[in-house]
Amino acid sequence: MRHTTLRALLQRKTIVAAACVAMFAAGCAQLPADQPAAAPDSLHDNAQLDSAQFPAIDNAIEAAIAERKLPGAVFRLERNGDAYEKAYGKLSYEIDAAAVTPATLYDAASLTKVIATAPSVLLLAEEGKIDLDARLASYFPECAGEGKDAITIRHLLTHTSGLPSGLPAKPAWSGDAAARALACAQAVTHAPGTFFRYSDINYVLLGQLVARAAGVPLEQFAQQRIYQPLRMRDTGFLPLRRVAATGIAPTHKSPQLEAERAKHDDLDGGQVLQGVVHDPTARRMQGVAGSAGVFTTARDLARFARMLLGDGELDGVRILSRDSVRLLTTAQSPAGIEALRGMGMDINSPYAVRPRGTRFPVGSYGHTGFTGCILWIDPNSRTFYVFLSNRVYPDDKSNVLPLYTELGTLAAQSARGFDFAKVKVDPKTAAR
């Protein structure tokens, strides 16, 4: 495979609306203004995406909207400087709801784990402030006992700690200190390093570890060290501090939220979550948790993906070291664990099957979010796609997993001229 530097990629010409046939004009997107546009007569020679796949992508998402699987979404696909982006549907099912635009902010849910918490941990490890193989109890002595003494930071990052999947909701609690006390009170169900279980508790603890090691809260550290230098201008926790709710896709509508109104001033009306994190654990932690809480746009996530494909650098600005990117995106699960995870990214766990689709190989990586979000990256073809939706609106009951598979497959098929059958990956030994 021919390798190209990121700067060379950023100089490649993009697919733009002026060069698209009329039926694709609404969806062809130019990369951000820091990258040059292609002249129409150069489209054929430089296109890295197969535009013949775009109608199928549109049809899949529009069919899901028509079936009320989700009210709206934004999809973005990129490969080597070419991009296809389109917004679909409305913010909600209300008659007067505004249309979704590429600038619409979405609750990224568990994408928070891989675009905020895990990279923050790795940055602090680069600085010697966190030891990835140190015991959790060496940072939080209150987490000792109940079988937890052997848990390492690596176990938390790869979801092999043996801790339960989430914190209990009852009795009622709120705040960081209460979350940590609850997390540390949990007993492991399996010896650390011997069992895979996807667990929000792991990343709640990692978010608090970032704050302890950095001396500033997770939201501040991620903003200063990741989002600002990457020019991810729309990304961060607590979005209502910087944008109006009208530009954010709502996630949940329920009278049950009225009970939370007295505890959370930002619920504004009590029945609709719009700009307030959907995840109840993060909501009890005032909107900031290592497991959830980030709001973002498809274009911002594209910058993050380009940074990873650039070995930690974008536009001449280094965010992560090459080694940190390797740890984040290649198999780091303990030996004997079949579900392969990086120190953050999903590679080949049961949760990877849907967003990977039927064409991207093991060795591609990414993550999903409960609200209806995907970031999936294939380093072999240098293709990635972003899907942001609020499939949880209004009642959390919609299932869009088949759509994930369809989008993953179509994204891979859009990699013009790339033969995925020739990609040879040994997932058992891949950079463990």
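This is a predicted model: local features need pLDDT of at least 70, side-chain atom pairs count only at pLDDT 80 or more; totals for chains, interfaces and linings use all residues.

Reader: Thanks! How many disulfides does the structure hold?

Author: There is one disulfide. Cys143 and Cys184 form it, with their sulfur atoms 1.9 Å apart.

Reader: And where in the chain do those two sit?

Author: Cys143 lies in the loop between α5 and α6, while Cys184 belongs to helix α7. The pair links distant parts of the chain, 41 residues apart.

Reader: Which hand does the disulfide have?

Author: It is left-handed, because the torsion about the S-S bond of Cys143 and Cys184 is about -50°.

Reader: Nice. Are these cysteines buried or exposed?

Author: Cys143 is buried, at a relative accessible area of 1%. Cys184 is buried too, at 5%.

Reader: Switching to helices: what span should α4 have, and what does the model give?

Author: Helix α4 covers residues 112–126, and at 1.5 Å a residue its 15 residues should span 21 Å. The end C-alpha atoms are 20 Å apart, which agrees.

Reader: Where does α4 bend?

Author: At Ala118, by about 25°, and Pro119 follows within four residues. Just after α4, Gly128 takes a positive phi of about 75°.

Reader: How many residues of α4 are buried?

Author: 13 of the 15, so α4 is largely enclosed by the rest of the structure. Across the protein, 57% of the 432 residues count as buried.

How values were computed. Residues are numbered from 1 along each chain as its sequence is written. Side-chain values use heavy atoms; hydrogens and water are left out. Buried means under 20% relative accessible area, exposed over 50%, partly exposed in between (1.4 Å probe, protein chains only). The expected span of a helix is 1.5 Å times one less than its number of residues. The bend at a residue is the angle between axes fitted to the seven residues ending there and the seven starting there. A disulfide is a pair of cysteine sulfur atoms within 2.5 Å.
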